[in-house]
Amino acid sequence: MITADLERAGLQSGQRLLDIGCGNGRHTAAAYGHDRVAAVGADRNHGDLLAARDRLEYHERLGAHGGGAWCLAAADALALPFRDQSFDIVICSEVLEHIPDHQRAAREIVRVLKPGGTLVASVPRWFPEKICWALSREYHQANQGHVRIYRSGPLKHMIEATGVVFFHRHWAHSLHTPFWWLKCLLGPTRTDSAAVNLYHRFLTWDIMQQPGFTRRLEHLLNPILGKSIVLYFRKSA
């Protein structure tokens with residue numbers, strides 16, 4: 001499930017990309033598939049890094065890469081172990097909502113971005129997220145905790161204050177929004193709900209097979225029900 005549009009971000013051959021809070025490596029692996037890209041995934045969670053490693057090694061075995069390189073780092077977004085201006089593109093997808101000091105994290109993210117480089121930041125969208133919080137008191141404490149709900153404008157201004165310029169926005173994953181509403185209604189940590197498990201099977205099938213009709217449906221619904229908002233910024237040269 002890819003949230004950031006790497007083409008929109010301007011990923012080019014030979015560039016270096018950092019995926020902060022990489023989780024199981026979905027964006028890191030997608031970047032590694034581009035021509036001669038050096039893709040770096042960083043996360044605090046050791047289990048997620050192991051899953052990301054397995055995904056990237058699987059891509060290597062299949063030859064599903066562009067001939068570049070990858071590496072993974074155990075790292076905190078508040079103190080990244082990289083030099084200033086190290087990366088052409090930085091992705092921070094579904095991370096900032098977990099960090100109490102998100103302003104410091106944003107400054108640190110922009111620090112490692114090259115002048116003229118692109119930052120892609122995504123967070124849960126206000127409307128779907130607000131309903132999740134209303135349906136379940138447990139929701140924002142599950143999945144490593146959501147400490148805030150973002151509105152687009154304040155988030156954009158907070159990130160722009162670090163020295164980047166906003167240039168594009170879109171929404172993503174509208175088909176996932178009803179799943180999370182259903183999950184919150186029935187219990188966000190439950191694993192025995194037949195309805196939730198059936199919907200999860202549908203989403204897994206959709207991600208793996210990517211049939212045309214669900215791609216078109218999601219594209220039509222994203223402006224209304226998109227689970228995530230995705231913002232693109234360029235660092236001043």
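Biologist: Where is the place of Cys-92?

Modeller: In this predicted model, Cys-92 belongs to strand S4, which spans residues 87–93.

Biologist: Why is Cys-92 called buried?

Modeller: Its relative accessibility is 0%, and the word buried applies under 20%. The value falls under that cut-off, so Cys-92 counts as buried.

Biologist: Which residues is Cys-92 in contact with, leaving aside its neighbours within four places in sequence?

Modeller: Those are Ile-20, Ile-109, Val-120, Ala-121 and Ser-122. The chain also brings Gly-21 and Cys-92 to a C-alpha separation of 6.6 Å, although they are 71 residues apart along the chain.

Biologist: Let's turn to Leu-72. What makes Leu-72 partly exposed?

Modeller: Leu-72, found in strand S3 (residues 69–74), has a relative accessibility of 26%. Buried would need a value under 20%, and exposed a value over 50%. Since 26% lies in between, Leu-72 counts as partly exposed.

Biologist: And which residues does Leu-72 touch, not counting those up to four places away in sequence?

Modeller: Leu-72 touches Cys-22, Gly-41, Leu-49, Ala-52, Arg-53 and Leu-56. Take Arg-53: it is 19 residues from Leu-72 in sequence, and the two C-alpha atoms are 7.5 Å apart in space.

Biologist: Now a charged residue. Is Asp-206 buried or exposed, and how do you know?

Modeller: The relative accessibility of Asp-206 is 3%. That is under the 20% cut-off, so Asp-206 counts as buried. Asp-206 lies in helix H8, residues 194–209, and touches Leu-175, Pro-211, Thr-214 and Arg-215, not counting residues up to four places away in sequence.

Biologist: Why are the buried residues of H6 said to be on the same side of that helix?

Modeller: Helix H6 covers residues 152–160, and its buried residues are Leu-155, Met-158 and Ile-159. They cover an arc of only 95° around the axis, which means they sit on the same side of H6. There is a general rule behind this kind of pattern: an α-helix has 3.6 residues a turn, so residues three or four places apart point the same way.

Biologist: What do the buried residues of H6 pack against?

Modeller: They pack against H4, S5, S6 and S7.

Biologist: What makes strand S7 mostly covered?

Modeller: S7 runs over residues 228–235, and seven of its eight residues are buried.

Biologist: How do you know that S7 pairs with S5 and with S6?

Modeller: Two strands pair if there are at least two bridges between them. Seven bridges join S5 (residues 113–124) to S7, and S6 (residues 164–172) has eight bridges with S7. Both counts meet the cut-off, so S7 pairs with S5 and with S6. S5 and S7 run antiparallel, and the pairing of S6 with S7 is antiparallel as well. For a place to look, find Ile-229 in S7: Val-123 is its bridge partner, and Trp-171 stands opposite Ile-229 too.

Biologist: How many cavities of 30 Å³ or more does a search of the whole structure find?

Modeller: One. The largest cavity holds about 50 Å³ of space, and its lining includes Cys-92, Ile-109 and Ala-121. Helix H4 (102–111) and S5 each give two or more residues to that lining. H4 gives the most, with three residues.

Biologist: What classes of residue does the lining of the largest cavity have?

Modeller: It has eight nonpolar residues, one polar residue and no charged residues.

Terms used: Residues are numbered from 1 along each chain as its sequence is written. This is a predicted model: local features need pLDDT of at least 70, side-chain atom pairs count only at pLDDT 80 or more; totals for chains, interfaces and linings use all residues. Side-chain values use heavy atoms; hydrogens and water are left out. Helices (H or I, at least four residues) and strands (E, at least two) are DSSP runs, numbered from the N terminus. Buried means under 20% relative accessible area, exposed over 50%, partly exposed in between (1.4 Å probe, protein chains only). Contact means heavy atoms within 4.5 Å. On a 1 Å grid over the protein atoms alone, a cavity is a set of points where a 1.4 Å probe fits but cannot get out, and a pocket is an open set with protein on both sides within 12 Å along at least five of seven lines; lining residues have an atom within 4 Å of a point. Grid points are joined across faces, edges and corners, and a volume is the space filled by probe spheres set on the points. Ala, Val, Leu, Ile, Met, Phe, Trp, Tyr, Cys and Pro count as nonpolar, Asp, Glu, Lys and Arg as charged, and the others, Gly among them, as polar. The arc is that of the directions from the helix axis to the C-beta atoms.
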